[in-house]
Amino acid sequence: MPELKCILWDVDGTLADTERDGHRVAFNMAFDEAGHAREWDVPTYGELLKVTGGKERIRYDIERGGIGDMPDDQIASLHARKTAHYQELIAEGRIPLRAGVRRLLEEAWQAGITLGVATTTTPSALDALIEHSLGREWFDRFAVLAAGDIVPAKKPAPDIYTYAMEQLGVDAGNTLALEDSGNGWKSAQAAGLHCVVTVNDYTRAQDFDGADLVVSEFGEPGSAIEVLANPHGLADLEYVKLAHLQALMQA
Ligand code: XBP
Ligand code: MG
């Protein structure tokens, strides 16, 4: 029977709600600084989120007429400035972890489950979040930090999950992905992983058909989370515990 041996965490939207008040704000700071007359407001950014990866997202906005055309090297330097602004925002402590994230991480770590990260985000942006929101000890506790351009095809392609599992030497059948978005779920599904989704305002209406559990958040004791899909009929879902994650692997 498959057993939970490894949990791979998505970052943006899953560890913390970084998109609206972190990445979006940092993109706008970089546009302003470079003299681009473009501001991604909250709903516009929601449309742009269908493209994963910051550089890819800028290219997509150029293609839809939002920003004037520029060569790839200029996109890369604009994005490098965006990453610097993002790191500063994170260092200010503006983006807390989502409810239940630290509790579940600690529970899984104590249980000896292999922990890793699989994200489309730039490695230095991930490092900033680990350092300022999670704590430096997590650089050692995560057995792999798979991020950004390390694979050519970003989510919804399975590559980043496949890469992380190869690095760890774990099987998809024993691995659970924690995600927040349709693109992330598709990526985990294509890699053959089980997947739990914690939605946010940007992703709530997306398609998570086939995911093992879809909830509003992991939550904490007493928080009474909203359960959007519970295909395995997991009981006692006042908040998500490690025991739920272990049970759904065998369902
Ligand atoms: C997150 C992303 C990232 C961030 C921006 O998707 O798509 O591109 O929005 O980060 P996921 P960068 O949570 O599915 O990994 O600008 O560093 O790319
Ligand atoms: Mg995400």
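This is a predicted model: local features need pLDDT of at least 70, side-chain atom pairs count only at pLDDT 80 or more; totals for chains, interfaces and linings use all residues.
Residues are numbered from 1 along each chain as its sequence is written, chains are lettered from A and ligands numbered from 1 in the order written, and side-chain values use heavy atoms, with hydrogens and water left out.

Me: At what angle do the axes of α3 and α4 cross?
Reply: Helices here are DSSP runs (H or I, at least four residues), and strands are E runs of at least two, numbered from the N terminus. Axes are lines fitted to C-alpha atoms, for helices over the stretch in contact, with angles from 0 to 180 degrees between N-to-C directions. The axes of α3 (residues 54-63) and α4 (residues 72-91) come within 9 Å, and they cross at roughly 125°.

Me: Which orientation class does that give α3 relative to α4?
Reply: Angles under 35 degrees count as roughly parallel, over 145 as roughly antiparallel, 65 to 115 as roughly perpendicular and the rest as oblique. The α3 and α4 axes cross at roughly 125°. That makes α3, relative to α4, oblique.

Me: Which residues of α4 meet α3?
Reply: Contact means heavy atoms within 4.5 Å. From α3 come G54, K55, I58, R59 and I62. Their partners in α4 are D72, I75, A76, L78 and H79.

Me: Is the crossing of α1 and α4 left-handed or right-handed?
Reply: A crossing is left-handed if the near helix is turned anticlockwise from the far one by less than a right angle, and right-handed if clockwise. α1 and α4 pack with their axes 8 Å apart, at an angle of about 130°. Their crossing is right-handed.

Me: How many charged residues does the contact of α1 with α4 have?
Reply: The α1 side includes T18, D21, F27 and E33, and the α4 side includes R81, K82 and Y86. Ala, Val, Leu, Ile, Met, Phe, Trp, Tyr, Cys and Pro count as nonpolar, Asp, Glu, Lys and Arg as charged, and the others, Gly among them, as polar. By class the contact of α1 with α4 has 9 nonpolar and 5 polar residues, and the charged ones number 4.

Me: Which residues of α3 does α1 meet?
Reply: The axes of α1 and α3 come within 13 Å and cross at roughly 60°. The two helices are therefore oblique to each other. E19, F27 and F31 of α1 meet G54, R57 and I58.

Me: Which element gives the largest share of the lining of the largest pocket?
Reply: The largest pocket has a volume of about 650 Å³. Its lining has 42 residues, with D12, G13, E19, L49 and D180 nearest the centre. The largest share, 6 residues, comes from α1.

Me: How many residues in the lining of the largest pocket are charged?
Reply: The lining has 5 nonpolar residues.

Me: Where is P156 found?
Reply: Most peptide bonds are trans. The bond from K155 to P156 is cis, with omega near 15°. P156 is found in the loop between β3 (142-147) and α8 (159-168).

Me: What phi does A224 have?
Reply: A224 lies in the loop between β6 (213-215) and β7 (227-229). A224 is not a glycine, yet its phi is positive, at about 50°.

Methods: On a 1 Å grid over the protein atoms alone, a cavity is a set of points where a 1.4 Å probe fits but cannot get out, and a pocket is an open set with protein on both sides within 12 Å along at least five of seven lines; lining residues have an atom within 4 Å of a point. Grid points are joined across faces, edges and corners, and a volume is the space filled by probe spheres set on the points.
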